[in-house]
Protein chains: 2
Amino acid sequence: MATISAEQARQLAELFTALSDPSRVRIIAALVEGETNVGALAAIVGISESAVSHQLRTLRQMRLVRAHRQGRRVVYSLDDAHVADIFQRSLDHILHDSPDGDSSALDRTPQ
Amino acid sequence: MATISAEQARQLAELFTALSDPSRVRIIAALVEGETNVGALAAIVGISESAVSHQLRTLRQMRLVRAHRQGRRVVYSLDDAHVADIFQRSLDHILHDSPDGDSSALDRTPQ
DNA sequence: ATCACATATGAGCAGATGATCAGATACACA
DNA sequence: TGTGTATCTGATCATCTGCTCATATGTGAT
């Protein structure tokens, strides 16, 4: 699988960037459960509908979610099975070897 | 797997944040191949040793990499099998359904 | 002890990010 | 057509990020 190309690195980083925010993570988590409209997502995540809409735009551009109207509502769903998979594995990851509880940090070797 | 907690969302986002930068992605990619020292990483990634060192610090704090001295060098390796797995799956992901070539973006439904 | 090599670290700065606010757009229904 | 609901969007601003530069620390060899 050789050392990754610069372009691939960029794309990978872009994918992870889409998942690098707590609000977006919660949006994705909610959508794993099933499709949902913007207002409901705002309620679940606990931020304004405007903020959710902005985040959904990002996720849409990344092709991680998909939208379709249903009456006056716009219903979102995951556009990608891979992402749900990656998401689930990552969740397993933090559930396993993260025996701490407080914030992040503290070095490992240097110093 | 119910709707994720705020704390879990924070941790997940933190993990993805560690992978959300092209330089760090390339560092991880290099380490997947085997342990490497700072100078070599700098050469591979194409940024200064100082910049690499800063990024390695972040990765160390996230417990994604581990370091040990070897003479005057400090050799880094992945501290986590899960991450290599997540990384590999994500790579597969972008290699599969990313048939475009240019930058990112362009909406999907609204408008 | 001194010097060169290898890495780490703090300060500082330019660019990115995410929330809010105000206003635009889209749809359903009377 | 007008009104209320649902969502989107641009501007703005405070905060965060990642790099560079200068400097400190650590190691091996002379």
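In this predicted model, helix α4(A) gives the most to the surface near DNA strand D, with six residues. The surface counts 27 residues, among which S50(A), S53(A), H54(A), Y76(A) and Q55(B) come nearest to the DNA strand. By type, the residues of this surface divide into six nonpolar, 12 polar and nine charged.

Of the atoms of DNA strand D within 4 Å of the protein, 78% belong to sugar or phosphate. The rest belong to bases. Several polar contacts reach phosphate oxygens of DNA strand D. A backbone N or O atom of G39(A) lies 2.9 Å from one such oxygen. For R57(A), a polar side-chain atom lies 3.4 Å from a phosphate oxygen. The side chain of R73(A) likewise places an N or O atom 3.4 Å from a phosphate oxygen. Both chains take part: α3 (38-45), α4 and β3 of chain A, and α2 (22-33) and α4 (49-61) of chain B, each give two or more residues to the surface.

Chain A also holds an open sheet. Three strands form it in the order β1-β3-β2, with antiparallel pairing. β1 (36-37) and β2 (65-70) stand at the edges with a single partner strand each, so one side of each is left without a neighbour in the sheet. β1(A) pairs with β3 (residues 73-78) of chain A over two bridges. Within β3(A), Y76(A) stands opposite T36(A). Helix α4(A), residues 49-61, packs on the sheet and touches β2 and β3 of chain A. The direction of α4(A) makes about 120° with that of β2(A).

Note on methods. Residues numbered from 1 in each chain as written. Chains lettered and ligands numbered in written order. Predicted model: local features only at pLDDT ≥ 70, side-chain atom pairs only at ≥ 80, totals over all residues. Heavy atoms only, no water. Pairing = 2+ DSSP bridges. Helix = DSSP H or I, 4+ residues; strand = E, 2+ residues; numbered from the N terminus. Contact = heavy atoms within 4.5 Å. Axes fitted to C-alpha atoms, helices over the stretch in contact; angles between N-to-C directions. Near = heavy atom within 4 Å. Polar contact = N/O pair within 3.5 Å; in protein donor to acceptor, adjacent residues only side chain to side chain. Nonpolar A, V, L, I, M, F, W, Y, C, P; charged D, E, K, R; others polar.
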